Structure formats: structure tokens, C-alpha cells
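Me: I want to learn how to read an interface between two chains. Can you walk me through one?

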Protein chains: 2
Amino acid sequence: VTQSVHVADLVRQAREGRARAVARLVSLVEDASPVLREVSAELAPLTGRAHVIGITGPPGVGKSTTTSAVIAALRRRGSRVGVLAVDPSSPFTGGALLGDRIRMQDHALDAGVFIRSMATRGRLGGVAWATPQAVRVLDGVGFDVVLVETVGVGQSEVEIAGLADVTVVLLAPGMGDGVQAAKAGILEIGDLFVVNKADREGAQATVRDLRHMISLGFPREARTPEEPARWRPPVLTTVALTGEGVDELLDTLDRHEQWAEGSGELRRRRLRRAEREIEAIAMTALRERMGDLTDGPRLGELAAAVVDRRLDPYGAADKMLDALTSQSTPSA
Amino acid sequence: VTQSVHVADLVRQAREGRARAVARLVSLVEDASPVLREVSAELAPLTGRAHVIGITGPPGVGKSTTTSAVIAALRRRGSRVGVLAVDPSSPFTGGALLGDRIRMQDHALDAGVFIRSMATRGRLGGVAWATPQAVRVLDGVGFDVVLVETVGVGQSEVEIAGLADVTVVLLAPGMGDGVQAAKAGILEIGDLFVVNKADREGAQATVRDLRHMISLGFPREARTPEEPARWRPPVLTTVALTGEGVDELLDTLDRHEQWAEGSGELRRRRLRRAEREIEAIAMTALRERMGDLTDGPRLGELAAAVVDRRLDPYGAADKMLDALTSQSTPSA
């Protein structure tokens, strides 16, 4: 009962905009805390409002600077913004990321902005599993926009960014040409491509290159009248440091949101995100149940039956699974 | 029914000593084949006879040469020998290992010897999970001795070797001194220590060093009359290339077997091995069930309920686990 009151308090404080309460809720997700079940029940009726924007791209393209500029622009439009900076490849927040974070400090005193770096903390499944739940928390406590920035270009980064309502792929002149992007698997997940540092040499070549790569996915011949309207990813340019192009980026995000709602794509993505979330919770619960069983006396008895040839290991595993399935409530 | 007949045939052929049938049974284990359940049921009444010897140690100490010399000595004593060479760190059998394997070819034409390299083949849990089952197969088809040789010095190697009835830790002069062995965690699992390449300089120093390290675990003060007889790991020397010391090693292994049977230690180890095996089978079955569910229509329905706020993700995970647990037979 004490814990229930506590969770309700925490959720209320978080909804009132208290950053510490929000941070504690996100920590509960990272730690796969047992009270998450309660948090989730409290928040469930309040979710589904936030627009979830994924931002990804190779290192060095200016992801944090762009995120910071996007936050500023969103704030000018009156939105409350929650930011999750996710680094799946590292158990800690690395040095480079930390340096980038400093720019985000611009928003440190703004109560309408919550910024949090998420790391794996050695948990199985790691941030790829925790991120959808953390998004739900920020959504539920009332942020209008949730930005999910992923660092790196591995499979998990692509996967996490792909779970957003819309995914922005950031590139920079020269380093992030279309072929490289295709190799990294980020060409398929991008709803918008942004060539940042557009004041640098080679920016227009990168834009052309990207537009060409994208056009390969939209052959004229394949279009038929029956085919539903597809979203053709636009390629924008920004200079995040000066804020140039950021308002156009926001306008394009609005345009995508309208298209995604009308076409049913938004719902499809939210279904996929919910699926990942349910799976993550179920797997965590199963692992814990399994741990309870293997630590308990039951496994020892079954092992004795196997050693004494009264049971073969498959029969023993059956009995173990039966014991597992007779527990009706997941532990988290 | 066809498959049942097939499995019974395979087991019969393997018991008749046909190497190809034995190899196919071990492959079934590596592939986590669904017919393993049948194989296991066929073999269960026949298991528990083989003496399972683990051999481990750092690279370069002459593990394969020693294993080969041990095989030859066991054959002279009339034992049929099954060998599993396990490399948990690599998905394939690497070059160095392959070079070593050539020495084992001495036994290639001997029907009383079966040698098999096991690799992970990308399976979750890998060889650490498959090895106890492969040991059971070799035991069941009638090998008197099963040698489990592990390559490398990581945690999994130590773990695998520690699941044997007796564990031989191989070291060589200079490279494998006691402190290093302690660091690698192999000091605790060794029932016998063998300093191979004993004709080389520094061999006696390594022996002394090891005996000293071992003595630290046997303080005189701690001994009381009530304390059950403990096995104090002896330190032997061999020159595996010439076969020197190998008969003494076998005699010591016999002595350990007698002690382990009398003291109950043998049973304790077999119980532990059976526990690992049951866990591995149960986890594999759970993963498969989970895969069936996440691929099926059920998860989609639950995700829709979450997106529509009719259910929170924890409630959805509960329902998913209920569906999981209503299946009564593990799929493998």
C-alpha cells in the first residue's frame, strides 16, 4: 500500500512537471523495477498523445546539436519536450556523448524540457527493450513530443529509431553519402533525411546522392492507381549550430504526422512499438520465473530423477515448465 | 512414426559403434533438433556408465597432444573413448585447433574412438548448453570414457570442464604458473593438475608453485576429525609427446573415481550436470514457444489493445504468458 501511494505520488509529481520525479520513473524502467507494473497501470489511460520522433545518424553529423536546435524550435511553438539519448553500444555514457550533452545544457533550466541519457546498465536486452517503455512514461506524464536520439549506427540503433512515430536520419556532407547510409541500414528507416552542416563543401552533392538513392525505391513503373499514397522521404538541409533550416524540418515533421495519421502508418508503428514492449515485459518476467525455479529445490529433485534414470532430461524439463506455468502472475 | 523408427535405428547403429551414427546424434544436439526428445528417451536407461573427464588449460600447454596420449593409454586398457573438443569462444573450429586436431588423427581409424569438435553454430547458449547433452549421448551409446577438452581459458571453458566427473587442468612450465591459473579461475575446478612438457626448463618450479597454491586451500588448522575426507589435488608431470607420465595420470584418475564414488562427490557432480541439462532444454523450449507467440496473431491483438488503451503493456504481457503456459508440451 505504501508503495502504491508512492507510485501515485511520483506519477502526479511527474505530471506536474517535476524533473526529478520524471527522472525517477525513467530509472525504474532502466532498472526493470517491479513497481513498473503499477506505474504502467497509472499511466496507461494517459498515453498515446505524444508525438515520438526518432533521430539517428552516424557519429559526427551533429545529432546532439540538431536535437538541441529542434528542442528550441519546439519550445517556441509551445510544446513540452522529453528527450531520451540512447547509446546501446555502451554500458555507460561515453566521453564523446558527454561532450555533446553540454550543448543540451542550454535547456537545463527549462521546466518544459526533460533530457535523459539511457544506458544498458548491463541489463539483458538492454536499451532496445527499455526504450519503448521509457517513451511510454514520457508520453504518459504529459510531454507533447518525445525525441529519441540514438548514438552510433549499429543494428540496435536503427531498430530503436525505427520504433518512433517518425524517424529523422541525419547525415553530413561527405561522410554520410547515400551508399554508406544504405550499408548502415538507415536508408530504409528514414522518413526524413537531413543533411546537417549544409554550409560546408559537398552538401549539395550529398543531397543529390541521397535523393538519387531514395528515388530507386520509387520507380515510376511500379505506381498504380490502386497503390495507397506512399510517403516519399524528403531531403532537407540544416545548419544546426545557427538554427538554419530547423523550422522547415519541424514543418516537414508536421506534414509527416498528418500523412501518417491519415494513412494508418502512425497506428501501424505504434502497434509495432507496443509489440516490442509487451515482448520485453514478458521475456523479463519469464527470465525471473526461470531464475526462481533454478534457484529452488525443484530443479535438484528433477536432476536426481535424471541421474537415477527415473526420468530423462526432456521429461524433467517438461515438469520444470509445468511448475513455471502454474504461476499465474509475472513477477514484474 | 517414420522418424521414431529412424531414431531407434540411429541409436542402435551408434551403439554398435558406427561412427557416422554417433556423429549424427551429436549433430542433433548441436542443432537442438526436435527429435532429440526421442533420442533422449531411447538413451536414458543406458546412461550413467561412462566416466566423464574434463581437460582444460590455457592455449599452448599441449591439450590436444595430452588428450591424444590419454586416448592411447585408455585404449590399451580396453576402454572405448568418446572425445568432445569444445571451443566456446568461436563459432567455428579455428585454425590453431585444426592444427592440433591432426595429432588426434592417430585415432581416426580406431572404431573404439570417436572424436568430435563442437562449435556454437550461433545457437543461443552455445556449447555450454549443448555439451552436457552431447556427453549424455556418448555415455548412452556405450563409450566407457568421455573426454571433454575445452579450448581457451574463459568463464565458459571453466564452466564446461567443471561439469565433468573429474577435471584435469593442464599447464606448462613458465606460462602456466599458479598465480595465473588462480586468476583464470582454473585452480578451483582442478581435481588433478598436470604440468606437461615436463622435460622443459622450469617444470619443477611450476610444480612447486602449484603445490604451494593448492596447499593454501588445505590449512592444517582447519582439519577436524568430523570433516569428511577431502580430495587434495595432486600435481603430476607429463611429456605428452613421448607418453611419459600418462599411465600415472590414468592411475590417479582411477584413484579419484574411487574417492568420488565413495564420498558422494561423483553423484553431486552428476546432479549438477543434469541440472544444467534440464535448464538448457527448458530454456530452449521456452524460447521456441515465445517465438511462436511473437510470430503469431496473438501479439498483434494485444498490441492493439495497448495502443487503444484498453490494456496496459503489463496486462498484455500477462495474457501473452497465459497463452504461453497453456501449451503443455515443450516443442523440443
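Me: How much area is buried between chain B and chain A?

Reply: The size of an interface is often given as the accessible area lost when the parts come together. In this predicted model, chain B and chain A bury about 4,200 Å² between them. Carbon and sulfur atoms give 71% of that area.

Me: Which three residues supply more than any other three of the area that chain B buries against chain A?

Reply: Ile278(B), Arg309(B) and Tyr314(B). Together they supply 18% of chain B's buried area against chain A.

Me: How many residues does the contact take from each chain?

Reply: Chain B gives 49 residues, and chain A gives 49 residues.

Me: What about salt bridges and polar contacts?

Reply: The rule finds four salt bridges across the interface of chain B and chain A. One pairs Asp318(A) with Arg37(B), with the closest N and O atoms 2.8 Å apart.

Me: Which helix gives the most to the side of chain B that touches chain A?

Reply: α12(B), with 16 residues. The helices of chain B that each supply at least two residues to this side are α3 (36–43), α6 (126–140), α12 (265–295), α13 (297–307) and α14 (313–325). By type, the residues on this side of chain B divide into 28 nonpolar, eight polar and 13 charged.

Note on methods: Residues numbered from 1 in each chain as written. Chains lettered and ligands numbered in written order. Predicted model: local features only at pLDDT ≥ 70, side-chain atom pairs only at ≥ 80, totals over all residues. Heavy atoms only, no water. Contact = heavy atoms within 4.5 Å. Buried area = accessible area lost by both parts, 1.4 Å probe. Salt bridge = Lys/Arg side-chain N within 4 Å of Asp/Glu carboxyl O. Helix = DSSP H or I, 4+ residues; strand = E, 2+ residues; numbered from the N terminus. Nonpolar A, V, L, I, M, F, W, Y, C, P; charged D, E, K, R; others polar.
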